[in-house]
Amino acid sequence: MNKALTSLNTFFLILLFLSLIFSMFSIPKLNIDETQSIKVNFYELIQEDDILFDSSILNTTIKKETKKASVNDKKAEPSEAEILSKFKINKSDIKNEISKIKLSKEREDILRVSAIIQASISSIWIKPNSLSESLIAKVSINLAPSGEILNFDLIEPSSNNSFNESILTAMNKMTFLEEVSFLDRKLFEENFRNFNLVFKSSGEIE
Amino acid sequence: MIKFFFMIVFLVSNHIFSILEIEILKGSDNLSKVAFVPFGIESGIEENYGIQISRNIEKNMLLFGEFENLAVNEMLSYPSSENDFYYRDWKVLGVDYSVIGKINSVNALGNLNISYSLFNINRRIKILEGEILGSEDNIEDISKIISNRIYEKITGLRGIFDTKLAYVVNSDANTYQMCISDIDGKNEQILFSSKAPIMSPDWSPDRKKIAYVSFENGLAEIFIQDLQSGERDSIQALGMTNSAPVWSPDGKSLALVVSFSGNPDIFLYSIRNKRLVRLTNHYGIDTEPSWSPDSKKIIFTSDRSGSPQLYEINTKSKRKKRLTRDGNYNARGRYFPDGKSIFFVHGNNGNFQIATKKLSSRYIETLTSTSLDESPTISPNGNIIIYATKDGSNGYLGGITLDGKARFSLPVKNGSVREPAWSPLLK
């Protein structure tokens, strides 16, 4: 019994470890354009590929079947019903589609608001001149549903003091991020109540 | 059981990893707005000084187009001490930083005590304060010191308002003048005048001497001139012609070009014992040497591959490395003060522009948009490049900050200005 317990424990430990690793690597990255990117990791991406994948399967089955047909005339032609059945729409499919659309709408909202936040902070952040090293600093922000910045904190400062100062100055200039006030409340609570801003400098001359 | 509990905690805490993160890569193109409030004065001191000192600081800070200012008549108040300073007065005007100060008299001999403060309006904190003792006669120098400190506090870079510039003025076809001036163009001094061309000035690291090439005796010859005494000496290295001298960072030797029987190569010349050591030996032209900040390497231009390109040679091992491959003209290379990048003249379809390249990267980046740029020189803090360029037949000095936000040209002189060389910082 004891043996069984320890092995169960080990199993749980391994599971725990794997889930930790998985959670770290499962953050999908969505590029807005070449230079700006926003990390969103709440929802599975809509699997647009799936649709393609399905249709390709369909194609191959058709091909296969026509091939068979040409080789062996005796075999019945691929019944159209069979192919049509692939296009048949189930109730559950519709449900799925609706939830997908809902998800994609939410994802779109998150992206849109993130892009607006990104742009408005970019427009007031005066980056110090000629930073020859690449730097990263992270700021955590708490927002009220109205978009008011309740507080912010430089949780991971960079090694460069003037870089940190410039970020604090920019954050102090900002009082409202009002675009979040138009968001669905649930979406706000899940994503924008507390989020991080990652300030980066590539160290390249721009 | 405990392990199981831990697991639950971990699984719950997984959502910590899924917090939304927005990356900010691009900064604003706007400049920081600085208010330079006229300094307050103690009664008995000439009223002008207060305005003069704040205006001097303002002029310095705006010199390279790195900041925006607030006009004095737009200010809502003129505080001279922290007690009279209200952040909201500046916040409403969109000011990012305010400079205030006060001049107090120390004694009747004209000695002054000048105190100053710098405020970050957005963060609502005082970020700098200081005091300087000086006399009425050197208000300009005091302004430079204060400007340097403010600049350093805001940008994190060394202030360069007390640096100097050396350059050659060609006022007419037969007059060449070796000049130095303050970086704002004031206090110009003519070191040497000649009917024959003068070229390639370079500052000694202690800022006390300048080496340059003069053709006064018919051939290219290197002279070292002492700035204090005005004395000049030809270094009389061997060979037919000597050119392109550059001081090593320790000031003990020069890297230069010596041409024996018409084939220029790079040599090191020790100033104390006047010894010449060969660095390159190639039938191609090797010229325009310059030291890396750690003095371990020298960058030079060579046409050994068929077109002028930049190479780097280790002064000890003499191992060479080609640095540029883009285009068929890359010359007059110099290192950045941090030694990680180089800047040079890049030729492309008859246009010659100033370009930079990180040594760790393959790509070059052109900085300027004029077409006949030459002899770039960098500020000691690595933030600004000044170069010679042409407007028609007239040469003038242009400048650009490395973030590309500001471009400027230095005041036009009587004649063509060429070959700028930025002095090192005062030590």
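**Note on the predicted model: chains A and B**

1. In chain B, strand β8 (residues 164-172) and β31(B) run antiparallel, joined by 5 bridges. Strands are DSSP E runs of at least two residues, helices H or I runs of at least four, both numbered from the N terminus. Two strands pair if DSSP finds at least two bridges between them. Within this pairing, B:L165 lies opposite B:W422 of β31(B).

2. Buried means under 20% relative accessible area, exposed over 50%, partly exposed in between (1.4 Å probe, protein chains only).

3. This is a predicted model: local features need pLDDT of at least 70, side-chain atom pairs count only at pLDDT 80 or more, and totals for chains, interfaces and linings use all residues. Residues are numbered from 1 along each chain as written, chains are lettered from A and ligands numbered from 1 in written order, and side-chain values use heavy atoms, without hydrogens or water.

4. B:Q353 sits in strand β25 (residues 351-358) of chain B. Its relative accessible area is 15%, so B:Q353 counts as buried. Contacts (heavy atoms within 4.5 Å) of B:Q353, leaving out residues up to four places away in sequence, include B:F344, B:H346, B:T368 and B:D373. B:T370 is also touched; the B:Q353 side chain reaches the backbone oxygen of B:T370 at 3.4 Å.

5. Chain A has 6 helices and 5 strands. Their order from the N terminus is α-β-β-α-α-α-β-β-α-α-β. Of its 206 residues, 33% are buried. Among chain A contacts between residues at least 6 apart in sequence, 71% join residues at least 24 apart.

Notes: A polar contact is a pair of N or O atoms within 3.5 Å; within protein, one must be able to donate a hydrogen and the other to accept it, and residues adjacent in sequence count only if both atoms are side-chain atoms.
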